[in-house]
Structure formats: C-alpha cells, structure tokens
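Here are a few exercises to work through with the model open beside you. Try each task before you read its solution.

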Amino acid sequence: MMGLNGKYSVGILLTFTLLAAVMLYGFSVVSTVTGIKGITPNSFLLSRVAIWMVLAAVFLYNLFLEKQPFLAKREKQYSIVFYIKSVISLYLICVVGGTFLNILLQFLIHEQTSHKLVQLTSLFKNDYFLIIFTCFTAGVVEELLMRGYIQPRIEKIYNSPVLGIIVSAVLFGILHSTYGTVGQVVIPFFIGTVFAVFYKLYSNIRILIICHFMIDFISLMAMNFIGIKHLSVF
C-alpha cells in the first residue's frame, strides 16, 4: 500500500502535469469543444476556468487519497500592518528584481518580446472583468498549488526546506515557458523563489495570493492603458 510520501509524490506529479496540460493545450481543447477559433476573450476566459478545474482535481485527490490538510503548513495569523508591509515589500522586491533580470537578459541575449504576450494584449483592452478574473485566478490557484500544495510536500518527502523552495520555483518557471521566451522562465523562477522563501518563513498563503494578484493586476492595467508589451509575470 502506498505510503504518504508516495501519495504526495503522485499529487505533485498530478498537479504539475495538469497545469502544464492546461497551459499547453487549453486553447486547443476550448476550440475543439466550443468551436471558437483562435484566441478570443471568451476562449481565454474558458482557459482560466480550466485552471480552476485543476485546483478542484488536486483538492479532490487530497481529500480522498491523501486525507491530509490541503495546506500542509498551518497558516499563521498576522496583524493588518504586517499584511500591508509584507505585500508592499514583496511587490517591490519582485518588480525591482524582475526589471533587473529583464534588463540583464536584454543585454546578454537581446531577447525579443514574447509573441504570445503581444497576441494577448488586445484581449485585455478595456475588458476589466477579464483582467480581474485572470489576475484572481493566477493569484489564488497558482499560490495554493505551487506554494501551498507542492512546496511543503517536496520539503516533507526529502526533509529539505531548500529543496522545497527550489523545486517549487523551478516548476513555477517551467509552467511559464509556454510564453516562449527565456525571460518568461527566469523572472517567474525568481518571483517563485521569493514567494517560496516568504512562505517557508511566515507560513501565510493569503499574503502571497494578494501580492500575486497585485503584481498581475498592475501589470495588466499598465498594459491596458499605456501598451506595455513585456510583463514579468502572467
């Protein structure tokens, strides 16, 4: 009979496989099922719904097979002042660090803007519901799965907090490789590392969800109003 660590391993593999499948084939499946051709606001919205379905699948796996708390690390409570300071600090670290890495990549390899991101810019033009839903989906689902679910399970399997941080950040970066540029792997890896270290130190997924939402929301709103074509996180 499979032990708990074995169940954790299967759960991690299931989570990453489903997320990668949605990122790689989500639009193709939506097109096949609905008949919607190309990437449209409706097909993109449905692809975000598919990401919520991944969270539901992992939750059910946890509930019926692992039979352990979904968040392996117990949530710690903090004051509202701590929340505000943490969100602002994390945001600044991620934006400044991401900007530095982007400039470095431009200098080293003269990387072009992600074609897929440029293609998606028109979808968000003045569609505030799609912007908010996209950012809310990324903030909630990615943090619950990458930091809340995967990171502490890697740590428990190998008894290594460092490995939990590194593996969760690497997987987070790989998932963003579908945008087709080195920057869309390196910068998410950096942000994933920052978030993973914070989660290890402070055990509060809510702060990470809020900060993730804020990073994406400000980026998409900036793109909506002033035409930014290269985002750090999506």
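**Exercise 1.** At what angle do helix α1 and helix α5 pack, and how far apart are their axes?

*Solution.* A note before starting: this is a predicted model, where local features need pLDDT of at least 70, side-chain atom pairs count only at pLDDT 80 or more, and totals for chains, interfaces and linings use all residues. Residues are numbered from 1 along each chain as its sequence is written, and side-chain values use heavy atoms, with hydrogens and water left out.

Step 1: find α1 at residues 4-34 and α5 at residues 128-158; helices are DSSP runs of H or I with at least four residues, numbered from the N terminus.
Step 2: read off the packing, an angle of about 145° with the axes 10 Å apart. Axes are lines fitted to C-alpha atoms over the stretch in contact, and angles run from 0 to 180 degrees between N-to-C directions.
Step 3: list who makes the contact (heavy atoms within 4.5 Å). From α1 the residues include Tyr 8, Ile 12 and Leu 19, and from α5 they include Leu 145, Tyr 149 and Arg 153.
Step 4: sort the contact residues into 9 nonpolar, 4 polar and 2 charged.

**Exercise 2.** How do the axes of helix α7 and helix α8 cross?

*Solution.* Step 1: the axes of α7 (residues 183-202) and α8 (residues 205-226) come within 10 Å and cross at roughly 160°.
Step 2: that makes α7 roughly antiparallel to α8, a label for angles over 145 degrees.
Step 3: pick out the contact residues, among them Phe 195, Phe 198 and Tyr 199 of α7, with Ile 205, Cys 211 and His 212 among those of α8.
Step 4: sorted by type, this contact has 8 nonpolar, 1 polar and no charged residues.

**Exercise 3.** Which residues form one aromatic cluster with Phe 198?

*Solution.* Step 1: the cluster is made up of Tyr 78, Phe 82, Phe 198 and Tyr 202. Rings of Phe, Tyr and Trp (its six-membered ring) pair if their centres lie within 6.5 Å.
Step 2: count the pairs by this rule, and you get 11 aromatic pairs.
Step 3: zoom in on one of them. The ring centres of Phe 198 and Tyr 202 are 4.8 Å apart with planes at 40°, so the pair is tilted; planes under 30 degrees apart count as stacked, over 60 as edge-to-face and the rest as tilted.
Step 4: check the spacing in α7, where these two sit 4 residues apart and are therefore separated by about one helical turn.
Step 5: compare accessibility. Phe 198 is buried at 8% relative accessible area, while Tyr 202 is partly exposed at 30% (buried is under 20%, exposed over 50%, partly exposed in between, with a 1.4 Å probe and protein chains only).

Notes
Nonpolar A, V, L, I, M, F, W, Y, C, P; charged D, E, K, R; others polar. Parallel < 35°, antiparallel > 145°, perpendicular 65-115°, else oblique.
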